[in-house]
Amino acid sequence: MSQVYRPVPLEEQSQSSRDDASLNEKFEWRAAEKETLAQRIRKTSSSTWVLVVQAVMLSASITFFALGVCMRSAKQADAIPMTFSPVNEAIEYQIKHFDLKPIPDGPFVGKGQQVDAMWDWATNGVPDTMVTREEMLKMNMDPEGALMVTDPATGRRGYRVAIEVFHQLHCLNLLRQANWKAHYEKLGGDTAAEPEDLHGHLDHCIDALRQFVMCQSDTNVFPFRFPFNDGDPWPDYSSPRMCRNYEKVRQWAVDHGVAQGVDEPEH
């Protein structure tokens, strides 16, 4: 079939042009719509990755900060020189309030049988113990010339040792008894010794406690109050302190006590 060409009327031509323009506009709108959607997807993906990266960086920062704190704490702990003692396994820390009133009282204050019983429980009634040669060397103590004993209960050999806290409490107890010398002198014991010997014993105890107190250098503080409402300030020593549990240490000493052997010299 032959093709026939004919001119297009102006009106029809214009309508055709308008249709083509409208169609082109639709394609352009759809293309623009597709481009905008793609851009949105890219923007959303980009935002998600940014959040993920930020979360990872935040987690890493927190982790490194925690590690830094732990390393500093470990370094500080390592920086504190510690002496070895077999009793260290019994150490338990606790916060306690000192009970020291302007006019002192309590079971350890004064004289009499009940007060003596409390001090016997705290110091005189606690036995010595025994350590091995290896433990002596670990404590930087020379075992040569030290008193070596046999445990009557087990037959084991070792070196007799006393735990320092009970020596310090013994010294405090002697100071208490010397404060009530008229009562305790007639009962015998350390306060009944010759004046020169008693003064020497007291000087020993005072200097032992002085060295201990200076060694510990307690850095807690205490305020001043007016307990008698007379305008005269008194120290308030009832502040919280970090303490070692004395009962735990005492019980360890009792559990590991070594009785004096038959042929063992007095000490």
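Colleague: In this predicted model, with which residue does Arg225 form a salt bridge?

Modeller: The structure is a predicted model, and the pairing is read from the closest N and O atoms, which are 2.5 Å apart. A salt bridge requires a side-chain nitrogen of Lys or Arg within 4 Å of a carboxyl oxygen of Asp or Glu. The partner of Arg225 in this salt bridge is Asp236.

Colleague: How many residues apart in sequence are the parts that Arg225 and Asp236 tie together?

Modeller: Arg225 belongs to strand E5 (residues 224-225), whereas Asp236 sits in the loop between strand E6 (234-235) and strand E7 (240-244). Because the two residues lie in these separate places, the pair ties together parts whose separation in sequence is eleven residues.

Colleague: Which helices hold Arg176 and Asp116?

Modeller: Arg176 forms a salt bridge with Asp116, and their closest N and O atoms are 2.9 Å apart. Because the two residues lie in separate helices, the pair ties together parts that are 60 residues apart in sequence. Both Arg176 and Asp116 are buried. The helix of Arg176 is H4 (residues 164-179), and that of Asp116 is H2 (residues 113-124).

Colleague: Which element gives the largest share of the largest nonpolar core?

Modeller: This core has 13 residues, and among those touching the most other members are Phe166, Leu169, Tyr246 and Trp252. Two or more residues come from each of H2, H4 and helix H7 (246-255). The largest share, four residues, comes from H7.

Colleague: Which residues does Leu169 touch, not counting residues up to four places away in sequence?

Modeller: Leu169 is one of the members of the largest nonpolar core that touch the most other members. With residues up to four places away in sequence left out, the contacts of Leu169 are Trp119, Ala122, Thr123 and Tyr246.

How values were computed
Residues are numbered from 1 along each chain as its sequence is written. This is a predicted model: local features need pLDDT of at least 70, side-chain atom pairs count only at pLDDT 80 or more; totals for chains, interfaces and linings use all residues. Side-chain values use heavy atoms; hydrogens and water are left out. Buried means under 20% relative accessible area, exposed over 50%, partly exposed in between (1.4 Å probe, protein chains only). A nonpolar core is a set of buried Ala, Val, Leu, Ile, Met, Phe, Trp, Tyr and Cys residues joined through side-chain atoms within 4.5 Å. Contact means heavy atoms within 4.5 Å.
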